[in-house]
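Welcome to a short tour of a protein model. Have the sequence and the 3D view ready, and follow along as we go from strands to helices and rings.

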Amino acid sequence: MADTEDVWNQIFSQNNIGDYKEPTMVLFTDRVSTGCGNASSASGPFYCPADQQVYMDLAFFDELKTRFGAKGGDFAIAYVTAHEIGHHVQTLLGTNQKVSQLQRQTNKTEANKLSVALELQADFYAGLWAHYNQEYLEEGDIEEAMSAANAVGDDAIQKRSRGDVQPDSFTHGSSQQRMKWFMRGYKTGDIKQGDTFAEILN
Ligand SMILES: [Zn+2]
């Protein structure tokens, strides 16, 4: 998390987009009460915009390690954390709020597209984070992490952790789209290249 803070402080100040404020990371087992409702054990990681905290259940860490092996597990955890912090960045920049407002004014199909764009942008932000850490990474790591992340997508998690969402309102886009946007962030290191909305809504 300290590393994530350094990276995002740097990106915010270089692009003149305000001050970055790190979210709190909450580790939990069994159950946790959040600004977005209650979450149960093994619900996986999620970000709650209402209290600006990232919630990680410890069973999820174990699951990633046993399912993907130590190396894949470790980078998968880093990737998933970076994706959730991507949602925090969207909250700081007002994107989350804009999307929620638009979703209330539009039909289900369009609302779903907005969710996809939001999720893909969180992947792009995770890629941006990885760009600033690339001396530690190889492309194999990234593919491994993406497959892990897909297996524990936060659409299912958010449905479980927030009772009020529409059943089909959260999707992340295809694995191919997720990889593409992550890689765009990773390769460019430029926050201005992350307009997933222009692409998904057209
Ligand atoms: Zn997400």
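Predicted model: local features only at pLDDT ≥ 70, side-chain atom pairs only at ≥ 80, totals over all residues.

Three strands make up an open sheet with mixed pairing, and their order is 1-5-4. Strand 1 (24–28) and strand 4 (46–48) are the edge strands, each pairing on one side only. From one strand to the next, the twist averages 25°.

Strands of a sheet pair through backbone hydrogen bonds, and the pairing is either parallel or antiparallel.

In which sense do strand 4 and strand 5 pair? Strand 4 and strand 5 (residues 53–57) are paired in the antiparallel sense, over three bridges. If you look for Y47, you will find that its bridge partner in strand 5 is V54. The loop between strand 4 and strand 5 holds Q52. This residue has a positive phi of about 55°, although Q52 is not a glycine. Q52 has a relative accessible area of 29%, so it counts as partly exposed.

**A hairpin**

Next, turn to strand 2 (residues 31–34). Strand 2 runs antiparallel to strand 3 (residues 37–40), and four bridges join them. A hairpin of two residues leads from strand 2 to strand 3. Within this pair, S33 stands opposite N38 of strand 3. Which residues of strand 2 are on its covered face, and which are on its uncovered face? V32 and T34 belong to the covered face, while R31 and S33 belong to the uncovered one.

**The whole chain**

Now step back and view the protein chain as a whole. The chain has eight helices and five strands. Along the sequence, they follow the pattern α-β-β-β-β-β-α-α-α-α-α-α-α. Of the 202 residues in the chain, 50% are buried. Contacts between residues 24 or more positions apart make up 70% of the contacts with a separation of 6 or more.

The crossing of helix 4 and helix 7 is right-handed. On the helix 4 side, the residues making the contact include V116, L120 and F124. On the helix 7 side, they include Q177, W181 and R184.

The structure holds nine aromatic pairs, and two of them are set out here.

| Ring pair | Distance between centres | Angle between planes | Kind of pair |
|---|---|---|---|
| F124 and Y125 | 5.9 Å | 55° | tilted |
| F124 and W181 | 6.3 Å | 75° | edge-to-face |

Why does the pair of F124 and W181 count as edge-to-face? The planes of F124 and W181 are at 75°, and the edge-to-face label applies because planes over 60 degrees apart count that way.

Are F124 and W181 buried or exposed? Both F124 and W181 are buried. Y125 is buried as well. Ring pairs also link F124, Y125 and W181 with W8, F12 and Y20 into a cluster. W181 has another neighbour to look for: R184 lies over the face of its ring, at 4.2 Å from the ring centre.

**Two exposed loop residues**

To finish, visit two loops. N16 sits in the loop between helix 1 (2–15) and strand 1. N16 has a positive phi of about 55°, though N16 is not a glycine. With 72% relative accessibility, N16 counts as exposed.

K192 belongs to the loop between helix 7 and helix 8 (196–200). K192 is exposed, and its relative accessible area is 62%. How far apart are K192 and N15, in sequence and in space? They are 177 residues apart in sequence and 8.8 Å apart in space, C-alpha to C-alpha.

Conventions
Residues numbered from 1 in each chain as written. Heavy atoms only, no water. Pairing = 2+ DSSP bridges. Axes fitted to C-alpha atoms, helices over the stretch in contact; angles between N-to-C directions. Phe/Tyr/Trp six-rings, centres within 6.5 Å; stacked < 30°, edge-to-face > 60°. Buried < 20%, exposed > 50% of the residue type's maximum accessible area, 1.4 Å probe, protein only. Lys NZ or Arg CZ within 6 Å of the ring centre and 35° of its normal. Left-handed = near helix turned anticlockwise from the far one by under 90°. Contact = heavy atoms within 4.5 Å.
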